[in-house]
Amino acid sequence: DFDIAGQFDPMIPDAECLKILHEILSDLQLGDFLIKVNDRRILKGVFAACGIPESKFITTCSTVDKLDKMPWEEVRSEMVGEKGLSPEAADRIGEYVQLQGGLELVERLLQDPRLSQNKLAKEGLGDMKLLFEYLALFGITGKISFDLSLARGLDYYTGVIFEAVLLQQENHPVEEPVRVGSVAGGRRQAPHCGSPEGRSLPRVCPSPQASGQKVRTTETEVLVATPQKHLLAARLKLISELWDAGIKAEMLYKKDPKLLKQLQYCEDTGIPLAAIVGEQELMDGVVKLRDVATREEVRM
């Protein structure tokens with residue numbers, strides 16, 4: 001189990017969680033797997049666009065979530081026969097919840113005439129697009145599927161939800177792989193989770209003092225930093241390389257943090273090195289490695 005708590009720019013920590021999950025499942029060598037992702041806002045927007053009242057959101061979610069075990073005809077029958085939806089509304093839902101794909105599906109739904117009129121759906125799809133762009137920089141989109149039928153826990157989660165399933169190839173190699181079952185899951189919850197007063201949870205960076213010396217509070221070896229705006233992609237690519245090489249690295253979960261703030265974070269937490277990549281470094285194909293304590297820099 002792992003969590004990233006705090007208030008950060010959209011989808012950066014979510015992408016990192018999916019990167020970790022992808023790494024764990026790859027290293028465990030359990031066989032082929034797929035990580036399905038969805039978002040409460042998207043499904044809520046889909047239901048609203050299909051004419052489903054708010055009062056039936058939770059019960060419709062629970063039926064849609066059975067699509068990984070039941071064919072659409074049976075799910076539709078339950079919607080109409082047990083949940084009281086009209087056949088027309090059920091058919092409209094069916095057009096969406098059977099869809100699976102990647103960035104191209106997200107972009108297609110952003111142009112959908114029904115969903116483009118719904119604020120929640122547009123918001124959720126905008127974040128899903130961001131997520132897939134970040135996952136592409138991590139190089140893991142091949143194992144990620146945007147799956148509109150994933151609805152587990154969507155009655156109380158507030159954003160992205162994901163679930164990893166193992167796939168099993170049938171005897172004939174050309175056949176579709178069969179989903180064996182869920183082996184991991186995760187979600188984004190409201191920022192006040194765990195706070196009874198409903199306050200958001202701030203990140204705490206303690207710096208205990210011992211004999212007048214600051215004690216390191218992290219094992220992180222290097223912070224990946226950028227000195228200019230619009231370089232998040234460069235940070236994500238570089239940090240992915242470092243992680244894949246087994247180096248303990250982190251970065252701030254902000255799109256455009258100021259360099260001074262990034263270096264101050266290194267000093268506050270005891271991170272010894274900063275790998276800085278700016279526009280000039282990108283052009284030259286190098287990284288500037290800075291010793292935080294001595295402020296000495298070397299281009300590599």
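Q: Which residues does UniProt list for "binding site" in the unreviewed entry?
A: This is a predicted model in which local features need pLDDT of at least 70 and side-chain atom pairs count only at pLDDT 80 or more, whereas totals for chains, interfaces and linings use all residues. Residues are numbered from 1 along each chain as its sequence is written, and side-chain values use heavy atoms, with hydrogens and water left out. UniProt positions follow the numbering used here, feature names are shortened, and annotations may be inferred rather than shown by experiment. For "binding site", the unreviewed UniProt entry lists Asp3, Arg152, Tyr156 and Tyr157.

Q: Does tyrosine 157 count as buried or exposed?
A: Tyrosine 157 is found in the loop between β3 (144-147) and β4 (160-168), where strands (E, at least two residues) and helices (H or I, at least four) are DSSP runs numbered from the N terminus. Buried means under 20% relative accessible area, exposed over 50%, and partly exposed in between, with a 1.4 Å probe and protein chains only. Because its relative accessibility is 13%, tyrosine 157 counts as buried.

Q: Which residues does tyrosine 157 touch, not counting residues up to four places away in sequence?
A: A contact requires heavy atoms within 4.5 Å. With residues up to four places away in sequence not counted, tyrosine 157 touches Arg40, Arg152, Arg187, Arg188 and Gln189.

Q: How many disulfides does the structure hold?
A: Cysteine 50 counts as buried because its relative accessibility is 0%, and cysteine 266 counts as buried because its value is 1%. A disulfide is taken as a pair of cysteine sulfur atoms within 2.5 Å. The number of disulfides that the structure holds is zero.

Q: How far apart are the end C-alpha atoms of helix α1?
A: The expected span of a helix is 1.5 Å times one less than its number of residues. Because α1 (residues 12-28) has 17 residues, it should span 24 Å, which agrees with end C-alpha atoms that are apart by 25 Å.
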